[in-house]
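Please keep the sequence and the structure in view while reading.

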Amino acid sequence: MFYSVNGTLCLCEPGIAVVEAGGVGYQLTVSLRDMGELSRKVGEKVLLYTHLSVREDGVELFGFSQKQELDIFRLLNTVSGVGPKAAMSILGSLSASDVVSAVLAGDAKGLSCAQGIGNKTAQRIILELKDKLAKSKTGDISSAPLAAAAPSRGSAVAEAVNALVVLGYSRQQASEALSGVDVTGKSVEALIREALKALSMK
């Protein structure tokens with residue numbers, strides 16, 4: 001229903017941001033990471049991507065400074081036993097790319113650093129999301145330099161490409177970003193970080 005809110009940031013308190021747009025003040029639940037950034041922008045124009053959660057006990061609008069965060073938030077909500085509160089807790093401790101890296105690496109400890117996320121929940125997140133993030137077919141990668149990579153490295157590259165797609169980039173953007181990266185001996189997490197760095201410079 002609501003894709004984004006673009007307006008003046010009127011208030012920023014722990015977990016809450018109020019954005020006035022078109023004469024209406026929208027109260028949004030935000031992560032601790034976003035709150036830290038938004039607290040310096042009160043009185044300024046901001047754009048937050050949104051997710052409307054409708055439950056029996058109420059309606060809540062969630063806000064995210066980056067589209068990738070919204071995508072990961074929605075993906076986390078597909079995990080059994082993980083609701084909006086837990087997803088926001090994770091995004092309050094980890095960036096969207098860090099969440100993807102932790103899932104692909106099977107790093108339950110990294111995910112459980114978020115408040116309220118125990119080892120069992122972290123393991124469930126990895127179990128239910130790893131295939132979604134890593135599942136790929138060789139034919140999905142159209143970049144010639146990537147297709148020429150050795151099988152072991154190609155596997156890491158394929159996972160990195162798919163992770164970047166989940167973060168909101170097109171497959172072509174992801175492939176082009178990774179085509180300029182030396183993939184020799186690098187983990188999926190390292191490839192994702194370098195690709196994101198390259199994409200941020202464009």
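P84, A86, A87, M88, S89, I90, L91 and G92 are the buried residues of helix α3, where buried means under 20% relative accessible area, exposed over 50% and partly exposed in between, with a 1.4 Å probe and protein chains only. Helix α3 spans residues 84-93, and because 8 of its 10 residues are buried, it is largely enclosed by the rest of the structure. Helices (H or I, at least four residues) and strands (E, at least two) are DSSP runs, numbered from the N terminus. The model is predicted: local features need pLDDT of at least 70, side-chain atom pairs count only at pLDDT 80 or more, and totals for chains, interfaces and linings use all residues. Residues are numbered from 1 along each chain as its sequence is written, and side-chain values use heavy atoms, with hydrogens and water left out.

Helix α2, residues 67-76, also has 8 of its 10 residues buried, so α2 is largely enclosed by the rest of the structure. Its buried residues are Q68, E69, L70, D71, I72, F73, L75 and L76.

With a relative accessibility of 1%, L167 counts as buried. Apart from neighbours within four places in sequence, L167 is in contact (heavy atoms within 4.5 Å) with Q68, D71, I72, A96, S97, V100 and L196.

Next comes a helix pair. The axes of α4 (residues 96-105) and α10 (residues 188-200) come within 9 Å and cross at roughly 160°; axes are lines fitted to C-alpha atoms, for helices over the stretch in contact, and angles run from 0 to 180 degrees between N-to-C directions. The two helices are therefore roughly antiparallel to each other, a term for angles over 145 degrees, while those under 35 count as roughly parallel, 65 to 115 as roughly perpendicular and the rest as oblique. From α4, S97, V100, S101, L104 and A105 make the contact, and from α10, V188, E189, I192 and L196.

For the protein as a whole, there are 10 helices and 5 strands. Of the 202 residues, 47% are buried. Among contacts with a separation of 6 or more, 55% are between residues 24 or more positions apart.
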